Amino acid sequence: MAAININIAQTLAEVKSIFDQLRDREYLLRPLAIETIANIKERIHEQGRASDGGKIGQYSSGYMREREKNKRGKSTEVIVSLTRQLENDYQVVGTVRGYAIGFGNVLNYNKSQWVEKNQGKIIFNTTAAEKEYILDRAEELVNDAINGV
């Protein structure tokens with residue numbers, strides 16, 4: 001007959017440590033928000049994609065003159081970027097439930113709302129793929145906590 005010896009106090013302490021780590025907003029939620037900013041910036045300000053995955057739109061010829069003055073390229077696809085103020089202002093903001101992504105000043109928030117209204121599209125919400133990334137990454141972080149990585 002085989003015998004298994006378990007130190008219950010040590011095992012409970014290890015399980016408690018894992019749960020404490022998973023309750024830590026800094027461990028689980030903040031990295032997810034930071035990584036989501038990178039994904040949103042790439043989608044909106046590099047790929048020119050709205051939240052539905054479609055193109056945001058096309059720049060007018062008048063606006064293209066401004067873009068070329070600001071050395072933003074010759075592509076007419078809307079990437080919501082002229083001076084880079086908007087795309088550089090994303091911030092992770094602590095909330096009661098965890099973290100949110102927003103803009104550091106109201107002017108940039110208003111710009112985002114104006115662009116959505118002007119283009120007639122939801123642009124700044126997360127996409128299905130971005131939500132899937134968040135869930136996959138959260139699972140990875142949970143597994144890392146459980147495995148002591």
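1. Two strands count as paired if DSSP finds at least two bridges between them, and in this predicted model strands E1 and E2 are joined in the antiparallel sense over five bridges. Within that pairing Val 92 stands opposite Ile 101 of E2, and the two strands make a hairpin with four residues between them. As a general point for reading such a pair, the side chains of a regular strand alternate between the two faces of the sheet.

2. Helix H2 covers residues 25-47, and its length can be checked directly: at 1.5 Å a residue its 23 residues should span 33 Å, and the end C-alpha atoms are 30 Å apart, which agrees. Just after H2 comes Gly 48, whose phi is positive at about 70 degrees.

3. The buried residues of H2 include Tyr 27, Leu 28, Leu 32, Ile 40, Arg 43 and Ile 44, so the list holds a charged residue, Arg 43, whose relative accessible area of 6% falls under the 20% limit for a buried residue. The buried residues of this helix pack against helix H1 (8-23), strand E1 (90-94), strand E2 (99-103) and H5.

4. The largest nonpolar core has 16 residues, and those with the most contacts inside it are Ile 44, Ile 56, Val 80, Tyr 90, Ile 123 and Phe 124. The largest share of this core, three residues, is supplied by H2. Leaving aside neighbours within four places in sequence, Ile 44 is in contact with Arg 49, Ile 56, Ile 79, Val 80, Tyr 90, Ile 123 and Phe 124. There is also a second, separate core of six residues, among them Tyr 27, Leu 28, Leu 32 and Ala 138.

5. Where does Glu 130 lie, and what does Glu 130 touch? Glu 130 belongs to helix H5, residues 128-147, and, not counting residues up to four places away in sequence, touches Asn 39, Ile 40, Arg 43 and Asn 125. The side chains of Glu 130 and Arg 43 meet in a salt bridge at 2.7 Å, N to O, and this pair links distant parts of the chain, with Glu 130 in helix H5 and Arg 43 in helix H2, 87 residues apart. Both partners are buried, since Glu 130 has a relative accessible area of 6% and Arg 43 likewise has 6%.

6. A further salt bridge, between Arg 137 and Glu 35, has its closest N and O atoms 2.9 Å apart. Because Arg 137 lies in helix H5 and Glu 35 in helix H2, the pair ties together parts that are 102 residues apart in sequence. Arg 137 counts as buried at 18% relative accessibility, a value to be read against a limit of under 20% for that class.

7. The structure holds seven salt bridges, and one of them joins Asp 20 to Arg 23, with the closest N and O atoms 2.6 Å apart. Asp 20 and Arg 23 both lie in helix H1, three residues apart, about one turn of the helix. An α-helix has 3.6 residues a turn, so residues three or four places apart point the same way. Asp 20 counts as partly exposed at 31% relative accessibility, whereas Arg 23 is exposed, with a relative accessible area of 59%. Lys 16, Asp 20 and Arg 23 are linked in a network of salt bridges.

8. Val 80, in the loop between helix H3 (61-69) and E1, has a phi near 50 degrees, which is a positive value in a residue other than glycine. Val 80 is buried, with a relative accessible area of 11%, and is listed among the residues with the most contacts inside the largest nonpolar core. Arg 84, placed in the loop between H3 and E1, has a positive phi of about 70 degrees although it is not a glycine. At 40% relative accessibility Arg 84 counts as partly exposed.

Notes
Residues numbered from 1 in each chain as written. Predicted model: local features only at pLDDT ≥ 70, side-chain atom pairs only at ≥ 80, totals over all residues. Heavy atoms only, no water. Buried < 20%, exposed > 50% of the residue type's maximum accessible area, 1.4 Å probe, protein only. Contact = heavy atoms within 4.5 Å. Expected span 1.5 Å × (residues − 1). Core = buried A, V, L, I, M, F, W, Y, C linked by side-chain atoms within 4.5 Å. Salt bridge = Lys/Arg side-chain N within 4 Å of Asp/Glu carboxyl O.
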